[in-house]
Amino acid sequence: MQYDYKNLKEDILFHLVKADDGLAYKELFDRYKELLFRHAYRMTQDSELSKDMVQDVFLIIWNKRTAIEVSHSLESYLIKAIRNKILDYFSHQEVVEKYREDTLSFVEEGISYTDDFLLEKELAAIIEDEKSKLSPRTREVFELNREQGHSYKEISELLSTSEKTIKKQVHNALRILRTKFGSFFFF
C-alpha cells in the first residue's frame, strides 16, 4: 500500500515505523530532525555533537522500534530521548573531567592510588559476581535503576512492564545484595 507519508498523523506514522516501514522512518526523521537538533544545539552549543546526538536518537528508535511504547505524543517522546542523550553526554563529561583532575593530581603530587584501586577492583568483582546470581530480568532492572540512574517509570516504559513490578524487582535485588554485603555496600 502506498501512503502519503507527509500527511500522516504521528501515531500512524510511528505505527508504520514499528511495522518496519523504511519510508515511514525516513519521514519521521525528516519531520523531527530539525526540532531535535535545535534542542540539542541550545544545550551543547556544538553543531557536530548535536547532529551526532540526533542521529543516535533515531538509530535507537529504529533498533528498538518494536519495543518502544509511546504513551503521549511522539514529539514529546523524541524530545525526552534527546534530553536524555544530552544528560548522558554531560554526565560523561563530568567523569572525564574528574579523571583528568585525578591524573593531574597524581602527576603533580605523586599520590598513589594503587592500593585503593586494587581494593575497589576486588570489591567490584565481588559485587559483579553477586549480581550475576540475580535473575537476568532483576539484574537488568537493578542496573538500569541503580547504575544508570533511570527512574522506575522510565524502566517500565523501556521494558514494557508495570512500574510496580519494576519497583519490586529493584527492592528484591537490594534485599538480596544487602544480605550478602551488609549495609556498608549502599553508603
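Q: Is Asp-30 buried, exposed or partly exposed?
A: In this predicted model, Asp-30 counts as partly exposed, because its relative accessibility is 28%.

Q: What does Asp-30 form a salt bridge with?
A: The partner of Asp-30 is Lys-33, and the closest N and O atoms are 3.8 Å apart.

Q: Where do those two lie?
A: Both Asp-30 and Lys-33 are in helix 2, which covers residues 22-44. They are 3 residues apart, about one turn of the helix.

Q: And Lys-33, is that one buried or exposed or partly exposed?
A: Lys-33 has 29% relative accessibility, so it counts as partly exposed.

Q: How many salt bridges does the structure hold?
A: The count is 15.

Q: What about Glu-128, which residue does it form a salt bridge with?
A: Glu-128 pairs with Lys-131, with 2.8 Å between the closest N and O atoms.

Q: Why would side chains like that pair at all?
A: Opposite charges can pair when the charged atoms come close. As for placement, Glu-128 and Lys-131 are separated by about one helical turn, because they sit 3 residues apart in helix 5 (residues 114-132).

Q: Are Glu-128 and Lys-131 buried or partly exposed?
A: Glu-128 is partly exposed, at 35% relative accessibility. Lys-131 is buried, with a relative accessible area of 0%.

Q: Which residues are linked in a network of salt bridges?
A: The network links Glu-128, Lys-131, Arg-139, Glu-143 and Glu-147.

Q: What does Glu-140 meet in a salt bridge?
A: The side chain of Glu-140 meets that of Arg-137, at 3.9 Å from N to O. Both residues lie in helix 6 (residues 136-147), again 3 residues apart and about one turn of the helix.

Q: How do Glu-140 and Arg-137 count, buried or partly exposed?
A: Glu-140 counts as partly exposed at 33% relative accessibility, and Arg-137 counts as partly exposed at 34%.

Q: Switching topic. How many helices and strands are in the protein chain?
A: There are 8 helices and 0 strands. Along the sequence the pattern reads α-α-α-α-α-α-α-α.

Q: How much of the chain counts as buried?
A: The buried share is 29% of the 187 residues.

Q: And the accessible surface, what does it come to?
A: About 12,800 Å² for the protein chain, with 55% of that belonging to carbon and sulfur atoms.

Q: What share of the contacts is between residues 24 or more positions apart?
A: Among contacts with a separation of 6 or more, such pairs account for 52%.

Q: Which residues have the most contacts inside the largest nonpolar core?
A: They are Leu-28, Phe-58 and Ile-82, in a core of 25 residues. Two or more residues of this core come from each of helix 1 (10-18), helix 2, helix 3 (47-63) and helix 4 (74-109). Helix 2 gives the most, with 8 residues.

Q: What is Phe-58 in contact with?
A: Setting aside neighbours within four places in sequence, Phe-58 is in contact with Tyr-25, Leu-28, Phe-29, Tyr-32, Lys-33 and Leu-36. Lys-33 is the salt-bridge partner of Asp-30.

Q: Which residues does a second core include?
A: A separate core of 11 residues includes Leu-134, Val-141, Phe-142 and Leu-159.

Q: Back to Leu-36. Buried or exposed?
A: Leu-36, which lies in helix 2, counts as buried, because its relative accessibility is 0%.

Q: What does Leu-36 touch?
A: Not counting residues up to four places away in sequence, Leu-36 touches Val-54, Val-57, Phe-58, Leu-78, Ile-79 and Ile-82. The C-alpha atoms of Leu-36 and Met-53 are 8.7 Å apart, and these two residues are 17 residues apart along the chain.

Q: Which residues are buried in helix 7?
A: In helix 7 (residues 152-159), Glu-154, Ile-155, Ser-156 and Leu-159 are buried. Just after that helix, Ser-160 takes a positive phi of about 55 degrees.

Q: Last one. What is the mean pLDDT of the chain?
A: The mean is 83, and 84% of the residues reach 70 or more. Residues 183-187 have pLDDT below 50, and that stretch has 5 contacts in the model beyond near neighbours in sequence. Where pLDDT is low, predicted coordinates should not be read in detail.

Notes. Residues numbered from 1 in each chain as written. Predicted model: local features only at pLDDT ≥ 70, side-chain atom pairs only at ≥ 80, totals over all residues. Heavy atoms only, no water. Salt bridge = Lys/Arg side-chain N within 4 Å of Asp/Glu carboxyl O. Helix = DSSP H or I, 4+ residues; strand = E, 2+ residues; numbered from the N terminus. Buried < 20%, exposed > 50% of the residue type's maximum accessible area, 1.4 Å probe, protein only. Contact = heavy atoms within 4.5 Å. Areas by Shrake-Rupley, 256 points an atom, 1.4 Å probe, with all protein chains shown as cover. Core = buried A, V, L, I, M, F, W, Y, C linked by side-chain atoms within 4.5 Å. pLDDT = per-residue confidence, 0-100.
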